Amino acid sequence: MIDMGIMDTVSRSQHDHDVADVLGDLMRGTLDHCVKCTICETFCPVAGVTPLFPGPKTVGPQAERFRVRGEESPDKSLDYCSGCGICTQVCPQGVHIAEINTQARAKLKERDGFSLRDRLIARPPLLGRLGTPAAGLTNKTLASRPLRLLGEKVLGIHHKAAVPMFAGRTFQGWAKKHHSPPAPRRVAYFHGCGANWYEPDLGEKTVALLEAIGCQVEVPRGQACCGLPLQSNGQFAAARKYVRTMAKALAPAARAGVDIVGTSTSCTLMLKREAREILDLMEDPDLEVVSERIYDICEYLVMLHDRGELALALQPLNMTVTYHAPCQQQGHGIGKPALELMGLIPELTVIENDATCCGVAGTYGIKREKYDIAMNVGSGLFEQIGEARPDLAVCDSETCRWHIEAATGVRNVHPVEMLHRAAGLSGNGTA
Amino acid sequence: MKPDVVVVGAGLAGLSAAVRLAEAGASVRVLAKGVGSTHLSAGTVDVLGYDADGKRVDRPLEALDGLPAEHPYGLVGRAGVSAAIDWFKGRIAAGPRAPYAYAGDAEQNILLPTAVGAVAPSAVVPETMASGDLRGGGRICVVGFRALKDFFPALVADNLSRGADGVRARGVELDLRPEGRVDPNALAYARAFDHGGFRAEVVAQLVARLAEDERVAFPAVLGLASPHEVWAELEQRFSRPVFEIPTLPPSVPGIRIYQTLGQLLNRAGGRVVVNNIITGAERSGGRVTALRARVGLREVTFEPEWVVLATGGFSAGGLALDSSWVAREVALDLPVGGAPAPGEERFRSAYFGGQPMDRVGVVTDREQRPVGEDGGRMLENVLVAGATLAGAVPWREKSGDGIALATGFRAAELIAASAAGRVSDVATAGA
C-alpha cells in the first residue's frame, strides 16, 4: 500500500534538496538559450486572459536569472501558471520553460506551506477511498449548492467547479474478475485514477476495444496515482513517492516486452517524460523502462494502423462530434491521433476545435481563486462547441472533459468511446 | 496517418510549402522544434530592398537579374517569385481572417516606416500597413501608448521628419492600456483592439487631436482576430488613412500569418507538430528513406516520400558552426557551401560591412535538391527552402520573406509536378 499520509511533504529531507538542485542545473541550463523572442508568451493561455500571470518568459527564463540559487522565488505570480506546458512546446530554442516554472513554483510552495486543499486535491487515491464506499452520499454532497458553498469557504474549492462523481465501484474491482482471453499481442493497461474511481466504464470499454483488435490485456496490480497532481501542486517529495510506486507496478510488464497503454493522456505523459524531467527521476530504473514502453492509447492504435495491424471493422456512426486535443496530449508531440482514428469511422462528422486549452489544467481550475481564469481561458473552446451543436464532445483528458461538460452542457467522451461504439461493442452502436 | 510529405520547419517557407501541398491533396506533416520565426517578422513580404552594392531597390523583380548567380532567387526566377506572391495573397485573402488581405506586388517597392522611424523598402504588405507608404511625403500623426514600452511615437516621428522626404510627423501618446495590465506588450494591445470598447476609447481620446491633413499611424496592434474590421472602423471614424507600423516582437502581423497558414493547413488535413526535432536520416539509393526525430525522451522515425527542409539559417538553428569552425546543416547533416576555407578570414571588424560567413547555406541544384561537393544531386526526395539555402544575405538585402515564400512555394510545386507522380497518386486515392 502506498503512503497516502498528507503531511509527508511539509518537511523535505536534505536528499530531496540535493536532488532538486541537480535537476535545477539540468533544466535551468536551458534558459541560456532563451533569446526573449516572446513566442511562449503569445501562446500562454493564462497570460492571455489575466494580468495576474505576466507570462511564461517573464516568470520563467527572465525571472530565473534573478533567483538566488537554493532560495525560493519571491514572486507569487508564479502560482498562476497552470502548468499546461504549452510554453515549452512552442519554444523554438528548446528552453524548458514550463519545467523551470514548475520547479520554481515548488520552491515557492515549500516556503508558503501547502494548504489542506492542495494536499487533498493532489491525492486522488485518498479521495477515491474516502468517496467510493458511500458514493451516493458523497455525490449528493458534491452536487449540493449549499454544501459546495461551504466547501468553497472552508477548503477553497470553487462551488461551481466541475468535480467528478464517484462511480461507487472501481475499475480495479472489475479487472480482478475479468479474464482476458489469450491473444497473439499482449498489452498492459494503465488506467489511472480517472478510470479507476470515476469512469470505470471507460476502462472496461478500453479493455473490450483492445481485445477486439486482438490483444490480451493485463491490468497490472498495485496501480495507484502517477503523482501528476502532486507535481502540479508543487509537492515534489510526495509526487516522487507516488510515481515510483506507480512505475514499480508497471515495470514488470515493460521488462517483459509488453507495451503499456494509457487512457489518461496527462498521466501517460507524466510516466513517459514529465516525471523524469521535472522530478529528476532520469535514473530511476523502473520509471525508465516504463517511460520507454508507454503509449497514449490513440498513439498506440494509430501506430498499429500505420503498420497495417489494426484489424477493426467499424460501422457507420451518423453523428457529429467536436474534438479538443488537451494541452498534455499535445505535450506528447504526436499530433492528434484521435482525429486520425475517428477519421476511420464512416459517416462520423468530426469538427476539430481550434483552441489551445480548456482552462482547467488538472486541478488548477477548480481552485476558488483560479476558477474564473479557467473559465475565461476556455471560453473560446466553449463557444466553438456551443456553435457546433455536437451530439458529443470528444477529448482525451478526464479533467478537461469534466470541465468542458460543466461549461457547455455537452456530454464529453474519450476517443476510445467513439471507436467502441463504431466497433459495435456497445450494442447496436448506439449505447 | 503516415505523411506523404514531411516539411521540417514551421516558418514562412515551411508553412507555405505545407499549405500548397496539403491543398493539392497530399498528406503533410510539418515537424518543428518549436514555432517558427513568423512571430518575430514584420509581417511584410520583403522581396528585395537593397542590391548587392547596398543600393536601395525600387523595382525588385527587375533587380533580381542583377543578383549573383548563386543567389536563391536564381532558382526561382521572376515568374516564380510573382507566382508565389499571387498564391500567398490569394490564400491569406481566402483565409479565416478574410477580408484581411495583402496589398502590393514585386514590381514596385513601397517605403514603410519602421518601429524606430527609419525608412524601409517593402513589397507586399498587409492592407493595414499600405497607406504608410512614405514615398509621397505628407503629414503623419504617430500614435503610441504610454504603457507599450517598445514603441516611442516621438522617436518614430522625429526620425521620419528627418529621414523621409517630404514627411512631417508628430508623436501623440495615449494613456490607455488593456484592463489591468501593468506591462502590456503588442499582443495584449492587439487583443484589446479586437474589442469595440477599447477602440471607442482610442477614438474618443484621439479624434479631436488630429490635424486636417494628417494620416494616423499606430503600432501594429490593430487586432489579432479581426484586423480588417478594426482597421476599417478606425479609418471610418477618423475619416482618413490609418496604418500600422511593425513593432518589436511579438509581432502581431506575423502571428496573423502563422495562424492563418496553420488554419489553412488544418483545413486541408495537414498539421504542424512541434517538439519533433529532426536528428538525422537514413539514406539509400540517393533518397532519404527515413527521418529520425527526437520527441521528448524518445526517438521516432518517419518514412515520407518527400522531405522539404526549411529549418532556417544560423539564428533559427538550421545551420550551426561548431567549435572547430566547421559550418553544417543540422537536421540532415548536409554539406554547406559558401563557408570560408580553413585558414581563411572568417570575420571582419566592420560588423555591417559584409561578413565571410554571410552566404553560408545548403547549395542545391535548380530543382532545389541538395548537391554534394562534386555538384551532383545528393538526394532525390529532399528539397531545400528558405534561409537554409546558400547564397543570400537576407538581413542586408531585405529579402528573407521573399526567399522563404518563393522557394517554399516552388518546392511544393516541384513535388506536386514531380514526374514520379507520387503525390498525384495520393491525391487521387484521397479524393
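Mentor: We'll take the chains in turn, then the cores and a helix.

Trainee: What should I know before reading values off it?
Mentor: This is a predicted model: local features need pLDDT of at least 70, side-chain atom pairs count only at pLDDT 80 or more, and totals for chains, interfaces and linings use all residues. Residues are numbered from 1 along each chain as its sequence is written, chains are lettered from A and ligands numbered from 1 in the order written, and side-chain values use heavy atoms, with hydrogens and water left out.

Trainee: How many helices and strands in chain A?
Mentor: Chain A has 22 helices and eight strands. Those are DSSP runs numbered from the N terminus: helices are H or I with at least four residues, strands are E with at least two.

Trainee: How compact is chain A?
Mentor: Its radius of gyration is 21 Å, close to the 22 Å that the globule rule gives for 431 residues, so chain A is as compact as a globular protein of that length. The radius is taken over C-alpha atoms, and the rule is 2.2 Å times the number of residues to the power 0.38. Along the principal axes, the C-alpha trace of chain A spans about 60 × 50 × 45 Å.

Trainee: And how much of chain A is buried?
Mentor: 61% of its 431 residues. Buried means under 20% relative accessible area, exposed over 50%, partly exposed in between, with a 1.4 Å probe and protein chains only.

Trainee: What about contacts along chain A?
Mentor: Take contacts between residues at least 6 apart in sequence: 76% join residues at least 24 apart. Contact means heavy atoms within 4.5 Å.

Trainee: Switching to chain B. How many helices and strands there?
Mentor: Chain B has twelve helices and 18 strands. Its radius of gyration is 22 Å, in agreement with the value near 22 Å for a compact globule of 431 residues. The C-alpha atoms fill a box of roughly 70 × 50 × 40 Å along the principal axes.

Trainee: Now the cores. Which residues touch the most other members of the largest one?
Mentor: B:V81, B:F88, B:L291 and B:L332, in a nonpolar core of 99 residues. Such a core is a set of buried Ala, Val, Leu, Ile, Met, Phe, Trp, Tyr and Cys residues joined through side-chain atoms within 4.5 Å. A second, separate core has 46 residues, including B:V156, B:V167, B:A190 and B:L224.

Trainee: What does B:V81 touch?
Mentor: Leaving out residues up to four places away in sequence, its contacts include B:V47, B:L61, B:Y73, B:V76 and B:A406.

Trainee: Where does B:I403 sit?
Mentor: In helix α11 of chain B, residues 400–416. B:I403 is buried, with a relative accessible area of 3%.

Trainee: How far is B:I403 from B:D46?
Mentor: Their C-alpha atoms are separated by 8.8 Å, though the two are 357 residues apart along the chain. Beyond four places in sequence, B:I403 touches B:H71, B:P72, B:Y73, B:G386, B:A392, B:E397 and B:G408.

Trainee: Is B:T407 buried or exposed?
Mentor: Buried, at a relative accessible area of 1%. B:T407 is in helix α11 too.
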